[in-house]
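Grab a pencil and work through these exercises one at a time. Try each task yourself before you read its solution.

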Amino acid sequence: MATARNCFSLLITARFLAVVAGCGGYGRGMVEIPAGLVEAQVRFNGAAGREFIAGLPARAAEFLERWGLRGTGPGMHGVTALVLPVERADGTAAVLKMALLDEESAGEPLALRAWGGEGCVRLLEHDGPTGTMLLERLDEGRHLSALAERDSRQAVGVIAELLARLTAVEAPAGVRGLGGVVAGMLADVPGALRRLADGRERGLLADCAAAVGEVAGEPGGRLLHWDLHYDNVLGAGREPWLAIDPKPLAGDPGFDLLPAIQNNFRVDEVVWRFDLLTAVLGLDRGRARAWTLGRVLQNCLWDVEDGEVRLQGEQLAVAELLLGR
């Protein structure tokens with residue numbers, strides 16, 4: 001665990017941490033490590049996160065030079081990665097993505113290569129040891145979430161069409177399998193049931209486990225995005241919308257539906273969103289229901305692991321509606 005003093009010191013350091021990469025074009029401006037990224041890394045990854053942050057300036061300098069890149073603006077970040085807008089030697093706009101590799105993100109370049117830009121951002125360069133990627137630049141100012149606020153049905157339709165294209169591809173070798181993920185989840189269920197305080201919630205968790213247990217023996221082998229919510233869909237020039245930031249799995253497409261059901265959550269839209277997604281993807285509704293309940297189970301198990309003794313209302317609502325209650 002990082003001490004409060006260490007966290008404070010790292011945050012202050014990060015506000016001033018920068019690298020000047022002359023041949024990469026940053027001679028007129030610094031590449032700063034955003035404090036928000038530091039906070040997220042310290043909170044979720046502790047010592048590994050601090051080490052990742054400390055190494056970012058040198059990593060940025062290395063790949064700006066290696067790939068002949070010139071910086072074109074301030075960096076962007078989420079929880080796991082620093083993304084720098086850059087320009088290649090031929091003037092092509094791109095982004096340099098540097099992330100802390102983990103089980104979820106390690107397969108991203110494999111997935112992007114397999115999709116080949118069909119429905120998703122294109123991978124331009126990749127460094128295996130560090131996981132650093134050079135990606136096609138999309139319109140980071142145009143997220144699907146803005147459309148979702150105005151027209152949720154249209155936004156869910158966009159997600160559905162993208163998922164239909166992405167999950168039509170067989171997962172390449174090296175992508176982690178859904179079968180192992182589900183086996184681990186089911187092994188954690190008894191302990192989670194003991195920790196939940198509410199009998200109704202214990203019953204719902206057990207029912208989700210039972211549902212996914214019925215299909216666990218046939219986990220599938222399609223290439224799943226796993227995290228296709230509205231903010232992971234950006235506007236683009238060559239297509240209206242493209243997916244970014246996959247956390248790929250090899251498995252059944254039904255396990256990919258929950259983010260579009262739960263994102264910008266409205267309880268009265270759960271059933272029609274599920275129906276729209278299964279129809280566009282051409283899924284068997286019963287199997288898709290079981291795998292979606294499995295995804296609810298995964299979220300609930302994470303909450304219990306984090307010390308929660310009550311389940312989130314959104315998860316309960318989705319489970320009850322799909323279970324017909």
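A residue counts as buried when its relative accessible area is under 20%, as exposed when that area is over 50%, and as partly exposed in between. Keep those cut-offs handy, and remember that you're working with a predicted model.

**Exercise 1.** Work out whether Q41 is buried or exposed, and find what it touches.

*Solution.* Step one: locate the residue. Q41 is part of helix α2, which covers residues 35-66. Step two: check the accessibility. Q41 has a relative accessibility of 1%, which is under the 20% cut-off, so it counts as buried. Step three: list the contacts, skipping neighbours within four places in sequence. That leaves Q41 touching G46, G49, F52, I53, V79, T80 and L100.

**Exercise 2.** Find out how many aromatic pairs the structure has, then classify the pair F63 and W67 and the pair W226 and W302.

*Solution.* Step one: a search through the whole structure turns up 3 aromatic pairs. Step two: take F63 and W67. Their ring centres are 4.9 Å apart with 50° between the planes, and this pair is tilted. F63 is buried at 0% relative accessible area, and W67 is buried too, at 15%.

Step three: move on to W226 and W302. Here the centres are 5.9 Å apart and the planes meet at 70°; planes over 60 degrees apart count as edge-to-face, so that's the label for this pair. Step four: see where the partners sit. W226 is in the loop between β10 and β11, W302 is in helix α10 (residues 285-305), and the two are 76 residues apart, so the pair links distant parts of the chain. Step five: compare their surroundings. W226 is buried, with a relative accessible area of 6%, while W302 is partly exposed at 33%.

**Exercise 3.** Describe helix α7: its span, its buried residues and what they pack against.

*Solution.* Step one: check the span. Helix α7 (residues 199-215) has 17 residues and reaches 25 Å from its first C-alpha to its last, close to the 24 Å expected. Step two: pick out the buried residues, which are E201, L204, L205, C208, A209, A211, V212 and V215. Step three: ask how they're arranged. They cover an arc of only 160° around the axis, so they lie on the same side of α7. Step four: find the partners. The buried residues of α7 pack against α6 (178-195), α10 and α11 (313-322). Step five: look at the start of α7, where a side-chain oxygen of D198 comes to within 2.9 Å of the backbone nitrogen of R200.

**Exercise 4.** Which rings do the charged ends of R142 and R295 sit over?

*Solution.* Take them in turn. The charged end of R142 sits over the ring of W241, 5.0 Å from the ring's centre. For R295, the ring belongs to F255, and the distance to its centre is 5.3 Å.

Definitions and conventions:
Residues numbered from 1 in each chain as written. Predicted model: local features only at pLDDT ≥ 70, side-chain atom pairs only at ≥ 80, totals over all residues. Heavy atoms only, no water. Buried < 20%, exposed > 50% of the residue type's maximum accessible area, 1.4 Å probe, protein only. Phe/Tyr/Trp six-rings, centres within 6.5 Å; stacked < 30°, edge-to-face > 60°. Helix = DSSP H or I, 4+ residues; strand = E, 2+ residues; numbered from the N terminus. Lys NZ or Arg CZ within 6 Å of the ring centre and 35° of its normal. Contact = heavy atoms within 4.5 Å. Expected span 1.5 Å × (residues − 1). Arc of directions from axis to C-beta. Polar contact = N/O pair within 3.5 Å; in protein donor to acceptor, adjacent residues only side chain to side chain.
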